[in-house]
Amino acid sequence: MSTSRVAEFDVVLTRYLDIDGAPLGPLPAFAADAADLVPLYRALIRTRTFDAKAVALQRTGRLGTFASSLGQEAVGVGAASAMAADDVLVPSFRDQAAQLWRGVTPVELLLYWGGDERGSDFAGPRGDFPISVPVASHVPHAAGVALALKLRNEARAVLCIIGDGATSKGDFYEALNIAGAWQLPLVVLVNNNQWAISVRREAQSAAQTLAQKAIAAGVPGEQVDGNDVITVHDTVANAIARARAGEGTSLIEALTYRLSDHTTADDARRYRGDAEVSLHWHGEPVARLRQYLVGQGAWSRDDEEHALADAADEMERATEAYLAMAPQPVSAMFDHLFATLPVSLRSERDEAMGGEAGHA
Amino acid sequence: MATQILMPALSPTMTEGKLARWLKQVGDEVRAGEVIAEIETDKATMEVEAVDEGRLARILVAEGTEGVAVNTPIAVLGAEGEDFSPAPQAASRAGAVTPVAVAAPAHVAADLDWGPTRPTTVREALRDAMAAELRADDRVFLLGEEVAQYQGAYKVSQGLLDEFGPRRIIDTPITEQGFAGLAVGAAMNGLRPIVEFMTFNFSMQAIDQIINSAAKTLYMSGGQMGCPIVFRGPNGAASRVGAQHSQCYASWYAHCPGLKVVAPWSAADAKGLLRAAIRDPNPVIFLENEILYGQVSEVPTDPDFLLPIGRAKVERAGTDVTLVALSIMVGVALKAAEALAEQGISAEVINLRTLRPLDIGTVVASVKKTGRIVTVEEGWPFAGIGAEVNMQVIERCFDWLDAPPARVHGLDVPLPYAANLEKLALPQPDWVVAAVTKLF
């Protein structure tokens, strides 16, 4: 018998700020001047304020089921801020941080979560995908966009965000495998918030890391501290640069923690203790970056109060606009079913619209 | 039933070639996919595979013959019980090919007059449709298992890699959910993918992508993001491939809003409807049939030939009963109509062509004339195409019916693998004749 080592792999974890916001060494170039990080910090606050408003609207019966990103804001802000405008975001249902950064408006997001399809017809990043509620079925779509970019010889990249739970699914593996085989310009970012609804990360997979799932697909996989927006931004920026340069697909596992319920339809206290959640409030992304900025003299209590007030104002105005939006007409039920409504459906539509007239 | 084996084309531009060698002799048993001959051009050598199974009944073109025109019948495959004795005048030159009768029904209610036609296999018609659209639109590309190097598991994409190259004719790993999902994403980003499923049975792995993503995203994104895509491949029973590889998906996909579902029968259907499907801005399910791939019928040579999605065709006019069929069952219905004619019953045969949106108007107009309807489908009866067509007929022209609507369908069981049982589970012309006779 003869055995030999034919392949070796490792998975690295990167972190620039410790959980109290202290730098662990020199920061990447984009973060050299703390003042340049202020827009990222404002985006973290803006996302957290949006989430709080949306949960409040749901609790008062004015919004449908909503998935908060509390505690995970740095994943979306760090990633989206590393993208160019012409890159394509293919988001999951907890990616409002990334969507807001990309230019989807709070009104559009509220419309979407309020059950109005006009919310996905966003005016801003037209090439970005609508929210995927089905888990992981958007990873093949993202790879498909990357294929389209590659076939058209466009130096652009696709960022697909999924949760830890999605990495158990076949469509995730199939898409990653084919993206690896074809060297597609794709970055898959796993928001590992440790919970697939009520199933702990350890119960989802025997794999030591989720990043190592990339290795089987032949693409680089690494872990980052997902509560450190500097690390997320830097790592995603590098992966996007590789993708744009024709060097193929990457997978990044961002380690974070879901401080909220899974959605407003969930009560996480039924399956996890308060002590565990309290523990994870230490090191959450907003406080962490704030501590760093304050330490660098780039942020003050006054700045904080103004930023919070600005975000609250914006979300208040968005709420008013959302609530003032006229409901969709009955005909909207048939709009966009096909590019042009087939004749066979016209009578059904006309009948439904007749009902509308009758109730008017 | 005898099946012709035709001289295949190595590329869309090939017009003739040399029949280099026969690997089978008259009387030999041939299995589907088995190599039976080799052909050569000045550029390449290719193996000819049998599509159907049976015994090689006649060799029509001797090996070593040069200049054999594409689509010339080169051999005849017979079913059991047929005469396998060598044909006395087996041709030694291409010019001496013995023509074999192929059922070519009279098209009573014709399509638009597209001018001159030429005999074409369904396989070739599908390839020609893709080639034409690939030439016309840079956004169109084909992907699937074995579509490029291997030229298609059933040789439908023959020659496309040569002409369009590996960027547009793409072999995928065995990953139906993966490549269907990739194609959906590419379509949403502005390309126009044609996805070949080696058979539609494998589309079950990808059905979430087809229904939840392709069919619903335009609707769910408020019109922001459409999905112009064609999912195509052989559907339904082939021959002796077992229950898991013999299923008809017509009613599965026709059930779903947001999809268009097309089921061609003739070569002209295949070409005209596939071109329309590729141009359609919506997701289209294109249900082919493996047994029909080798069948020959007339296709217009007009380079603009196209058939509209959503329109049925009256294949044979009649006055006493309406037979409504799809895909390979159109042929079964036409045979039944011939048998019924001998009994003095005049059957009108409608080829549905499109299942969604359904051209119920053509069916209703016919039933108002005949007063009787029998639907013919290969799939299972429960919530099937026949159930839907008959219900719509009841809703729209109940008072014109002289007899209860009836349906002929595959037996409500997984398709048996055993040859004797398989035959008994799929609709035959005499089933249709029996169903019609009961109405009088």
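Author: In chain B, 14 residues of domain 1 are in contact with 20 residues of domain 2 (heavy atoms within 4.5 Å). This is a predicted model, in which local features need pLDDT of at least 70 and side-chain atom pairs count only at pLDDT 80 or more, while totals for chains, interfaces and linings use all residues. Residues are numbered from 1 along each chain as its sequence is written, chains are lettered from A and ligands numbered from 1 in the order in which they are written, and side-chain values use heavy atoms, without hydrogens and water.

The domain assignment, automatic or from a database, places domain 1 of chain B at 3-96 and domain 2 at 117-300, with domain 3 at 313-437. Domain 1 and domain 2 of chain B bury about 1,200 Å² between them, 48% of it on carbon and sulfur atoms; the area is the accessible area (1.4 Å probe) lost on being put together, summed over both parts. On the domain 1 side, strand 1 (3-6) and strand 5 (45-49) of chain B are the elements that give two or more residues (strands being DSSP runs of E, at least two residues, numbered from the N terminus). By class, that side of domain 1 has eight nonpolar, three polar and three charged residues, with Gly counted as polar.

Between domain 1 and domain 2 of chain B there are zero salt bridges (a side-chain nitrogen of Lys or Arg within 4 Å of a carboxyl oxygen of Asp or Glu).

How values were computed:
Buried area is the accessible area (1.4 Å probe) that two parts lose on being put together, summed over both. Helices (H or I, at least four residues) and strands (E, at least two) are DSSP runs, numbered from the N terminus.
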